Amino acid sequence: MLRLAGAAAMGTVIDDEATRRRLNDAMGAHRSLDEWSTAHEDHLHALRTRPPAQVAHDLSIDLDTLSRQIELAKGSELVELHRVTALLAAIQANAFTRLAQHGTALRWWETARWAADASRDLDIRLLVRAEEAGHGLYGQRSPQSVLRLLTEAEHLAGQRPMLKLAAIKAKALSKAGRHAEAEEALDRMTDLAHRGVRGDAQGFWTPNELYFSQSWVYAAMGREEAAARAREELLRLTSSYVYEANIQLHAAWAAIVSGGVEQGASQAATTIAAVPEQFRTVHVLETARMTLRAVPVEHRTRPAVGELRAILADSA
């Protein structure tokens, strides 16, 4: 510590994170499982409120610390650290998905799955697989690949119902153009919720997802009134930048499918323009692209459609 202080006094540039890490190592710092639980909650909160580039950077530091601790852990502590690794790796995969770094994200999903399986915790194993499938819908994977992942997760779940799997299946079927099946999946999701099935205990699932899934599926069908009711319920529950932008895009999507091409395309372009650049994530931009793809071929030369296409090109 004295050497570090002396170097700083002489004007030597010292990386702050490297300094902090050396200090922790010198003190034999060791995070408890409760502290890792708090770290997971903090990073999940950051994912929902901060630019994803910042989330990925900050989380990479904790993941490095976690890897060091795993090397020394044994027995029950090691199993618990595998659970922590699965959750943090899933958050990191989510962040890289938002940044359109899909190759990196896919590798983090793989790490999350391996860690979840090593933990032997079925809830964590299902959660990680559901998260991977859900975020895959944003241009990372084809709807068919997502449905295959969901089938594998459902096989693993057996008779255990899971709201997130039902919600993601509804959206995946919708994106594949299988609208009647998507609506059936929505009904199953709603039935599970009415029967008292709750989301995961790790904070990934929120009640917003019920209404968001409804908004998505009904928008893709052009059912504007049903989609609007879902959006109203969702807005009562959330202030997330992703949800707020995407449900406005769902409204534009529903308008286009029901015949209001100019209105829907203009609304989508306005929505994207209003999102600060650091928050124009894949989750927002891919939803806008789905909205654009809903425009019938014969209407794709309209000015509002061109405006939407241009703003998406500038945001890529």
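Analyst: An axis here is a line fitted to C-alpha atoms, for helices over the stretch in contact, and angles between N-to-C directions run from 0 to 180 degrees. The model is predicted.

User: What makes α11 and α12 roughly antiparallel to each other?

Analyst: Start with the angle. Helix α11, residues 208-221, packs against helix α12, residues 224-237, at about 155°. Roughly antiparallel needs an angle over 145 degrees. The value passes that cut-off, so α11 and α12 are roughly antiparallel. Their axes are 8 Å apart. The crossing of α11 past α12 is left-handed.

User: Which residues of α11 and α12 make the contact?

Analyst: On α11, they are N208, Y211, F212, Q214, S215, Y218 and A219. On α12, they are A226, A227, A230, R231, E233, L234 and L237. Sorted by class, this contact of α11 with α12 has nine nonpolar, three polar and two charged residues.

User: Why is S213 called buried?

Analyst: S213 has a relative accessible area of 0%. Buried means under 20%. S213 therefore qualifies as buried. This residue belongs to helix α11. Leaving out residues up to four places away in sequence, S213 touches A167, K171, L186 and M189.

User: And E232: how do you know whether E232 is buried or exposed?

Analyst: E232 lies in helix α12. Its relative accessibility is 53%. The cut-off for exposed is over 50%, so E232 counts as exposed. What separates E232 from L72? Their C-alpha atoms are 50 Å apart, and the two residues are 160 residues apart along the chain.

User: What makes α4 roughly antiparallel to α5?

Analyst: Helix α4 (residues 52-72) and α5 cross at roughly 160°, and their axes come within 10 Å. That angle makes α4 roughly antiparallel to α5, since the class takes angles over 145 degrees. The crossing of α4 and α5 is left-handed.

User: Which residues of α4 and α5 make the contact?

Analyst: From α4 come P52, V55, A56, L59, S60, L63, L66, Q69 and I70. From α5 come E77, L78, L81, V84, T85, L88, A89, I91, Q92, A95, F96 and R98. By class, the contact of α4 with α5 has 15 nonpolar, four polar and two charged residues.

User: Why does H43 count as buried?

Analyst: H43 has 9% relative accessibility. Under 20% is the cut-off for buried, so H43 counts as buried. Helix α3, residues 33-49, holds H43. Residues up to four places away in sequence aside, H43 touches V55, D58, L59, D62, L88 and I91.

User: How do you know that the span of helix α7 agrees with its 15 residues?

Analyst: Helix α7 runs over residues 122-136. The expected span is 1.5 Å times one less than the number of residues. For the 15 residues of α7 this gives 21 Å, and the end C-alpha atoms are 21 Å apart, which agrees.

User: What makes α7 mostly covered?

Analyst: Twelve of the 15 residues of α7 are buried. They are I124, L126, L127, V128, R129, A130, E131, E132, A133, G134, H135 and G136. The cover over these buried residues includes α5 (75-98), α6 (102-119), α8 (143-157), α9 (163-175) and α15 (282-293).

User: Why is α7 called roughly antiparallel to α8?

Analyst: The axes of α7 and α8 cross at roughly 165° and come within 9 Å. The angle makes α7 roughly antiparallel to α8, as the cut-off is over 145 degrees. α7 passes α8 in a left-handed crossing. L122, R125, L126, R129, E132, A133 and G136 of α7 meet V146, L149, L150, A153, L156 and A157 of α8. By class, that contact of α7 with α8 has nine nonpolar, one polar and three charged residues.

User: Now the loops. Why is A100 called partly exposed?

Analyst: A100 has 44% relative accessibility. Buried is under 20% and exposed is over 50%, with partly exposed in between. A100 therefore counts as partly exposed. A100 sits in the loop between α5 and α6. Its phi is positive, about 65°, although A100 is not a glycine.

User: And why does R120 count as exposed?

Analyst: R120 has 64% relative accessibility. Exposed needs over 50%, so R120 counts as exposed. R120 is in the loop between α6 and α7. R120 is not a glycine, yet has a positive phi of about 60°.

Conventions: Residues numbered from 1 in each chain as written. Predicted model: local features only at pLDDT ≥ 70, side-chain atom pairs only at ≥ 80, totals over all residues. Heavy atoms only, no water. Helix = DSSP H or I, 4+ residues; strand = E, 2+ residues; numbered from the N terminus. Parallel < 35°, antiparallel > 145°, perpendicular 65-115°, else oblique. Left-handed = near helix turned anticlockwise from the far one by under 90°. Contact = heavy atoms within 4.5 Å. Nonpolar A, V, L, I, M, F, W, Y, C, P; charged D, E, K, R; others polar. Buried < 20%, exposed > 50% of the residue type's maximum accessible area, 1.4 Å probe, protein only.
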